[in-house]
Every structure is written in C-alpha cells, then in structure tokens.
There are 2 protein chains.
Amino acid sequence: MEQIAFQDYYPDQLSYCYGCGRLNEHGLQIKSYWDGDETVCVFQPRPYHTAIPGYVYGGLIASLIDCHSTGTAAAAAYRAEGRPMDTLPPLRFLTASLHIDYLRPTPMGTPLEVRATVKEIKGRKVVVSAALYALGEVCARGEVVAVQMPENMAIPSDHI
Amino acid sequence: MEQIAFQDYYPDQLSYCYGCGRLNEHGLQIKSYWDGDETVCVFQPRPYHTAIPGYVYGGLIASLIDCHSTGTAAAAAYRAEGRPMDTLPPLRFLTASLHIDYLRPTPMGTPLEVRATVKEIKGRKVVVSAALYALGEVCARGEVVAVQMPENMAIPSDHI
C-alpha cells in the first residue's frame, strides 16, 4: 500500500509552509515518509539552488532538514499516541532550534535524501536527528528541537 | 559615502549563491554592510516565504543568518588583514556549522534585520553571532562557524 506523505495530512490552513506546504505553489513541497523506524525524504534541488557553482546551497539543506524533521516530529507524536495522522486533534510542530553540521560540499545534479530518527519525545518536545545524503555519501548532519504548536496560536485573521 | 555590499565584491564565479549571489536571478540576493563593529542586512520576505500563515518560514531565517554570517566572516577577514574587499586574493567563506534558536514567531509583512558580530577569528575559521529582528524585537539568534574556502576547491569545469 502506498504511503501518504506526512505533509499531505496537514490541515489546509497549515499547508502553506514554504518548505513543506502542499498548497505553497512557490515552495519546495517536500514529502516525508516512514521507512521502518526512520523517516525519509527525497528532494531534487533546482539548478538555481546553488552555493558555489556545482554545489548545493546550505540554506536549502537547512530547510530540507528543518521541514523533514518537524514532519518527523509530528508523525512520531501520532505514533506515540497510537493513532493515524488523519485523526483529530491535529498535531503540528514548530522548530525551536536547528543545528546543521556541513560535513562536505553537497554536489548538484543528483537527488538528495534526508533520513531522520527520533532521539527523544518528552511532553510537547521532540528531538530529531537527521542526515542528508548525496550519491550515498553523508554531506550534512542536523538536529532539530521541535515543539508542538500551541492550540491557541494566533493565526492573523487575514490569513484564515 | 555609500558602502558597497560585501556580496558585491565577490568574484563573478562565486556570485551564484542562492542566498547572496548577485548573479542568481532566482535567489534572495541579500546585501550586507558594516555598521561600526556590527554588520547589518535588511531583507523583505516575499509573501510566499511563509511558515504558518502570518509568520516567516524558519528556513528563510536560517538562510539569511547563514549568508549574512559568511559575508560577515569575509568582511572581517579582510579587515583583519587591513585591506579592502576589492583587493586580491579574494577571501570567501563556507559554512561549517549553523545553529539557530527560534525565539518567537517572526511576523510577515515587515522587513527583517539581521545584525551580526564576529565572536572569534582563528586561522581560517571565523565564528559569527547573529540576531534577526522584526519590528524591533529579536525573533531568532544564530551562530555560524565559517571556514575560508580552500584556494584549490574544485569547481566542476562545466560551471566555470
């Protein structure tokens, strides 16, 4: 059975994120899935996502790790509650902190794979470790501290 | 006398960065300047640079802090050598690590100001601290470890 991406379960109102919102037509629209106890996301950088010529822009790498990790945090929180991602209430996470170590230049022209694991779930906080690979080599490692979005978080009324 | 942005001194071949390259027509084209011992960059997010509606995408914030900090590292390295940024050899920095703490949601619809200071210069490494402000409030803090790009760093020949 084909999996539905984590991001495709997000409510419409929370689907405009530049990194992962399926309704943001200018955005990256990344898709994340379970692969056993890991999660995986594959993304093909566009030709203009360059740093120095021939290599991928570090800010894109940070964005991929960030959004894949907050998606992973949400998926893991549903798993921990023993319920599927299309059940209510929706669980959605924000990034409290993001750390990236760039281990080697990431080559352009090949899909990037981000793999993540949950390091810790504690209350409303989920810590996610991620690694980004190109051509089978790890190019960056990241850690994201994600926190569950407050139920009453104000979304300005002109955006609803 | 009007200052020239740090990024406008980069050689053409190194000016295609998605975050700060003046020749990347799809990119952010940020501009960074000295302001005393600090550096400053002002950027107006585009309407699609959203996270949850009404707030700025964290990956954009990471990108702004990253590129402004590597630009700051370059400018500081020239200053430390006592020579202007248009003299040879060019000094250009890559990000070794990036850390961002998101302190509060960053509102859309207002220019963002990134201010940075050099924490340490040691050999080829420069550590930069940065803070991102919206409407006068600090919304994120970052630290970037930047390393000077090797002179012989291979740029694939189809990109020269």
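1. Helix H1 (residues 58-81) of chain B lies across S3 of chain A together with S1, strand S2 (38-43), S3, strand S4 (112-122), strand S5 (125-134) and strand S6 (137-148) of chain B, and runs at about 135° to S3(B). The helices (H or I, at least four residues) and strands (E, at least two) named here are DSSP runs, numbered from the N terminus. Axes are lines fitted to C-alpha atoms, for helices over the stretch in contact, and angles run from 0 to 180 degrees between N-to-C directions.

2. This is a predicted model, in which local features need pLDDT of at least 70 and side-chain atom pairs count only at pLDDT 80 or more, while totals for chains, interfaces and linings use all residues. Residues are numbered from 1 along each chain as its sequence is written, chains are lettered from A and ligands numbered from 1 in the order in which they are written, and side-chain values use heavy atoms, with hydrogens and water left out.

3. H1(A) lies across S1, S2, S3, S4, S5 and S6 of chain A together with S3 of chain B, and its direction makes about 135° with S3(A).

4. Turning to the interface, 39 residues of chain A are in contact with 39 residues of chain B, where contact means heavy atoms within 4.5 Å. The area buried between chain A and chain B is about 3,200 Å², and carbon and sulfur atoms give 65% of it; buried area is the accessible area (1.4 Å probe) that two parts lose on being put together, summed over both.

5. Between chain A and chain B there are 11 residue pairs in polar contact (both at pLDDT 80 or more). A polar contact is a pair of N or O atoms within 3.5 Å; within protein, one must be able to donate a hydrogen and the other to accept it, and residues adjacent in sequence count only if both atoms are side-chain atoms. On the side of chain A that touches chain B, the elements giving two or more residues are helix H1 (58-81) and strand S3 (93-102) of chain A, and S3(A) gives the most, with 9 residues.

6. How do the two S3 strands meet? S3(A) and strand S3 (residues 93-102) of chain B pair in the antiparallel sense over 5 bridges, two strands being counted as paired if DSSP finds at least two bridges between them. In S3(B), His99(B) is the bridge partner of His99(A), and Leu98(B) is the bridge partner of Ile100(A).

7. An open sheet of 12 strands, with antiparallel pairing, has the order S1(A)-S2(A)-S4(A)-S5(A)-S6(A)-S3(A)-S3(B)-S6(B)-S5(B)-S4(B)-S2(B)-S1(B). Strand S1 (32-35) of chain A and strand S1 (32-35) of chain B stand at the edges, each with a single partner strand, so one side of each is left without a neighbour in the sheet.

8. Within chain A, S4(A) and S5(A) pair in the antiparallel sense over 10 bridges, and Val128(A) in S5(A) is the bridge partner of Val118(A). The hairpin of these strands has 2 residues between them, and Gly123(A) takes a positive phi near 60° there.

9. Asp35(A) and Arg115(A) join their side chains in a salt bridge (2.5 Å, N to O), a term for a side-chain nitrogen of Lys or Arg within 4 Å of a carboxyl oxygen of Asp or Glu. This pair links distant parts of the chain, with Asp35(A) in strand S1 and Arg115(A) in strand S4 of chain A, 80 residues apart.
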